[in-house]
Amino acid sequence: MVLATAHHILLLNRHPYTNGHLMLAPRLHLADPAAAPAAARSELWELVLRCRRLLERLYRPDGFNLGMNLERAGGAGVPEHFHFHIVPRWHGDTSFMSVVGGVRLVPEDLASQWRKLRAALAAEDEA
């Protein structure tokens, strides 16, 4: 976990598409963001924007994929619990770097990303 707030937790994706791939998940067990209390819906969007600013500063991406996969038909891995993806993207990226044997990887390990994000969030909170 990178950050915990009143209504959400911020996580690194265990199987990221790119460096800095974050997920915001509600603390409540909800399948649909429309079912969240108003305060949680408001907090979600503020966190999405904060994470985007943070990733822009740390990784300098050219763009972002922001969104949710809802319901099984929409690609949700766990349809009973929604989460929001914040994915930095770069011109020409292919989501993963190909290596031998069709194996794909992300160049920066999750522990390094976690330390970088935690330090940046702490510095932001102190300012």
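Contact here means heavy atoms within 4.5 Å, and helices (H or I, at least four residues) and strands (E, at least two) are DSSP runs, numbered from the N terminus. What you're looking at is a predicted model, where local features need pLDDT of at least 70, side-chain atom pairs count only at pLDDT 80 or more, and totals for chains, interfaces and linings use all residues. Residues are numbered from 1 along each chain as its sequence is written, and side-chain values use heavy atoms, with hydrogens and water left out.

Start with the overall layout. The protein chain has 2 helices and 7 strands, running β-β-β-α-β-β-β-β-α from the N terminus. Of its 127 residues, 35% are buried (under 20% relative accessible area, with a 1.4 Å probe and protein chains only).

Now go to helix H2, residues 110-126. Gln-113, Leu-117, Ala-120 and Leu-121 are the buried ones to look for in H2. They cover an arc of only 100 degrees around the axis (taken from the directions from the helix axis to the C-beta atoms), so they sit on the same side of H2. Their cover includes strands S1 (3-4), S2 (8-12) and S3 (22-26), along with helix H1 (38-59).

Over in helix H1 you'll find Leu-47, which counts as buried because its relative accessibility is 7%. Setting aside neighbours within four places in sequence, Leu-47 is in contact with Leu-3, Thr-5, His-8 and Leu-24. Leu-47 and Ile-9 are 38 residues apart in sequence, yet 9.8 Å apart in space, C-alpha to C-alpha.

How values were computed
The expected span of a helix is 1.5 Å times one less than its number of residues. Buried means under 20% relative accessible area, exposed over 50%, partly exposed in between (1.4 Å probe, protein chains only).
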